[in-house]
Amino acid sequence: MSDQNWPLWMPLRDDLKPLSPYGAPQVPAQATLNTNESPYPPSPALAQAIADRVYSVATNLNRYPDRDAVTLRGALAKFINSLSDTSFGAEEIWAANGSNEIIQSLFMAFGERPALGFTPSYSMHPLIAKVIGTKWNDGGRRADFSLDLAKAISDIAKVKPGLTFITTPNNPTGTTVTLAEIEELLIATGKINGLLIVDEAYAEFSDQSSAVTLLAKYSNLVVIRTMSKAFAFAGARLGYLVANKELVSAMFLVRLPYHLSSLTQAAAEVALQYQSELLGNVSTLIDSRKSVVAALEELGLQVIPSQANFILFSGFPMEPAQLWRQMLDRGVLIRDVGLLAHLRMTIGNEAENQKFIQALQEILNGDGQ
Ligand SMILES: Cc1ncc(COP(=O)(O)O)c(C=O)c1O
């Protein structure tokens, strides 16, 4: 709940007044490990290729962009096909300014009935629901943060949500849901004419097959992906969904005209041509994740098994907010996700991970030895 006192002269919607804006702290730190970005910047060759393409687009900025971003959506389809051995075309892809905008569009199009999710999970799902005015139901998870599938299926039958959200790998836990479980959820949501939204923002870090492989069988499936994480392109803001053609057609009803700028479309098209370079660091990050987990366990901490580029850990002898502050005092910015006794850290580059471990060692041992 926000404690902000909104002025009476401002006709702010009553249902927005108690909300707080999304706000991962953007503060300077030597190791920024709080928003699950890639620590690896584009290579000089890619930066130059983007700059060249942006220059050529800039000569035409008096004109609106391609409203339907057909070339970009075709390139995204090709990218997904190359990862998952599928055969999607542009008409099965929708793209927007980050997957957050994709989530917002889904609520705008399909958010009349309540929505259902299983927290702890990505905090923007319920927040965007509230902003759009969709009632949010939380099905919860087990104490170890795993999904209770039988309970989830019974919640779906009870709540009859228009939209049911599953995040895999889940943020902030890093845990996954299997394709077999997703199929059961697709059947349950299908029975009540609801959509299952599988948020795969971190899919490239996981060894599980993508849910896009189920689309041929289930038309009520929507898979959300982003270029912000494994693709190391968070600053460009490009998220997308893969879904049935009819569902993509419904996105045209709620999108703002020309929502994706020519510059964004051009930059993303170039980045997709550098797919192998950009995804090249995924295996490095997975190896680093394993080393960081081992180091934390050596410090006597517990880590939830993660298939993403972040880990959720516990077992420290102070409040999360206190440890978060002490880490920041040592130049390491991690994330307090508001979970009792847990903190989340994003896997960084070698130097950042070492700084993280060293700071933690100093705090927990009191001496840094
Ligand atoms: C599960 C999940 N979905 C979606 C997003 C939004 O990403 P973006 O809007 O940068 O595509 C995030 C970002 O942290 C996330 O963790």
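Where does Pro172 lie? Pro172 sits in the loop between β5 and α6. Its bond with Asn171 is a cis peptide bond, with omega at about 20 degrees. I'll come back to the loops.

Ground rules first. This is a predicted model: local features need pLDDT of at least 70, side-chain atom pairs count only at pLDDT 80 or more, and totals for chains, interfaces and linings use all residues. Numbering starts from 1 along each chain, as its sequence is written. Helices (H or I, at least four residues) and strands (E, at least two) are DSSP runs, numbered from the N terminus.

Now the seven-stranded sheet. This is an open sheet with the order β2-β8-β7-β6-β5-β3-β4, and its pairing is mixed. Strands pair here if DSSP finds at least two bridges between them. β2 (93-96) and β4 (136-138) are at the edges with a single partner strand each, so one side of each has no neighbour in the sheet. On average, neighbouring strands are turned by 20 degrees against each other, direction ignored. For angles, axes are lines fitted to C-alpha atoms, for helices over the stretch in contact; angles run from 0 to 180 degrees between N-to-C directions.

One pair in detail. β7 (residues 221-226) and β8 (residues 239-243) run antiparallel, joined by five bridges. Val223 has Val242 in β8 as its bridge partner.

α6 (residues 179-191) packs on it, touching β5 (163-167), β6 (195-199) and β7. The direction of α6 makes about 150 degrees with that of β6. Contact means C-beta atoms, placed from the backbone, within 7 Å. α7 (residues 245-254) lies across β2, β7 and β8, at about 30 degrees to β2.

Next, helix on helix. α3 (residues 99-110) packs with α4 (residues 124-132) at about 45 degrees, axes 10 Å apart. The two are therefore oblique to each other. The cut-offs: under 35 degrees is roughly parallel, over 145 roughly antiparallel, 65 to 115 roughly perpendicular, and the rest oblique. The α3 and α4 crossing is right-handed: the near helix is turned clockwise from the far one by less than a right angle. From α3, Asn100, Ile103, Gln104, Phe107 and Met108 meet Met124, His125, Ile128, Ala129 and Ile132 of α4. That contact of α3 with α4 holds seven nonpolar, three polar and no charged residues. For the classes, Ala, Val, Leu, Ile, Met, Phe, Trp, Tyr, Cys and Pro are nonpolar, Asp, Glu, Lys and Arg charged, and the others, Gly among them, polar.

α3 also meets α7. Their axes come within 9 Å and cross at roughly 90 degrees. α3 and α7 are therefore roughly perpendicular. Ser105, Met108 and Ala109 of α3 meet Ala250, Met251, Leu253 and Val254 of α7. The classes in this contact of α3 with α7 are six nonpolar, one polar and no charged.

On to the ligand. It has 13 residues around it, and Gly98, Ser99, Ala201, Thr226 and Ser228 come nearest. Near means a C-beta atom, placed from the backbone, within 6 Å. The shell has three nonpolar, nine polar and one charged residues.

The three-stranded sheet is open too, in the order β9-β10-β12, with antiparallel pairing. β10 (residues 310-314) pairs with β12 over five bridges. Ser314 is opposite His342 in β12.

Back to the loops. Pro120 is in the loop between β3 (115-117) and α4.

Methods: Contact = placed C-beta atoms within 7 Å.
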